[in-house]
Amino acid sequence: TPPDVRPTIFGTPGSNSWYVSNVTLNWKVEDPESPILWWRGCDPATVTVEKTGATFACEAASEGGTVRVEIRIKVDKTPPTAAPAPSPQPNQHGWHRAPLTVGFVASDSLSGPDQSSCTTHPYSGPETGGREFIGTCKDLAGNTSNPSSYTVKYDTTSPSAIVASPSRLPDANGWYNHELTVTFAGSDSTSGIPPGGCTQTTYGAPDNGDASVSGSCRDRADNQSTLGTFRFKYDETPPEVTG
């Protein structure tokens, strides 16, 4: 029989046949039946550079024949990166108003990302102006990323206390006789109401002894309030005089 050629590897094994540290390779060449006649490529080797695959081969011969053994070493020592990926995404103000999942997405340029390893956090309350969630991901070699964070701002309650403010007092005897502007306002204790978040409307016609305009407010989480109504008397038509 040919020589017995066996590799011995010293390093930190990861996942999927990857190593996550420097690797030292030694070969053991034996033949109890006859002397080793020659060998090639059986010197010790060290892999310090990250590689998707470094191939080493040891070949040896004895009176029993020749044998060649190959081994492929994959080294990835660099952790992946993890980026927050909430689903669904927040609105333009960074707020959520429906249950969500705080997930994380891995990125790795060597062994590749293992998305199934990424942390996920479901969230459906309570309302908060800022709750931090931490997550990590692994790559296919088993390296773990540094922690990444995402801050949830969560508000499912609509603004309340909708009030209307006319731009001026009635012109005479409780009547308005020319165009007026009505601005609505409200309150919201969690996300707040942004500038321009409430209705502002202008009324100029028709004449009506029971005129009305309606408006609402929207908070930073896009929750819409119920309608508020402002009632007033409006007459911009001069009287007719006959003689």
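Analyst: Start at Pro 126. This residue lies in the loop between strand S11 (120–123) and strand S12 (128–135). The model is predicted, and in it a cis peptide bond joins Gly 125 and Pro 126. Omega there is about 5°.

A cis peptide bond joins Ser 87 and Pro 88. Here omega is about -5°. Pro 88 sits in the loop between strand S8 (81–87) and strand S9 (100–107).

Next come two residues with a positive phi. Take Asn 16. Its phi is about 55°, and Asn 16 is not a glycine. Look for Asn 16 in the loop between strand S1 (4–10) and strand S2 (18–19). Is Asn 16 buried or exposed? Asn 16 is exposed, with a relative accessible area of 52%. The cut-off for exposed is over 50%.

Asp 222 is another residue to check. Its phi is near 75°, again a positive value in a residue other than glycine. Asp 222 belongs to the loop between strand S19 (208–215) and strand S20 (228–234).

Now step back to the whole protein. The fold has 20 strands and zero helices. The radius of gyration is 38 Å, while the globule rule gives 18 Å for 243 residues, so the protein is more spread out than a compact globule. The box tells you about the outline. Taken along the principal axes, the C-alpha atoms fill roughly 140 × 35 × 25 Å.

What about burial? Of the 243 residues, 32% count as buried. The cut-off for buried is under 20% relative accessible area. The protein exposes about 13,600 Å². Carbon and sulfur atoms supply 49% of that area.

Contacts along the chain are worth a look too.

Last, the charges. There are 17 positive and 26 negative side chains. The centres of the two sets lie 5 Å apart.

Asn 16 marks the loop between S1 and S2, and Asp 222 the loop between S19 and S20.

Technical notes
Residues numbered from 1 in each chain as written. Predicted model: local features only at pLDDT ≥ 70, side-chain atom pairs only at ≥ 80, totals over all residues. Heavy atoms only, no water. Helix = DSSP H or I, 4+ residues; strand = E, 2+ residues; numbered from the N terminus. Rg over C-alpha atoms; globule rule 2.2 N^0.38 Å. Buried < 20%, exposed > 50% of the residue type's maximum accessible area, 1.4 Å probe, protein only. Areas by Shrake-Rupley, 256 points an atom, 1.4 Å probe, with all protein chains shown as cover. Lys, Arg positive; Asp, Glu negative; His and termini not counted. Charge placed at Lys NZ, Arg CZ, Asp CG, Glu CD.
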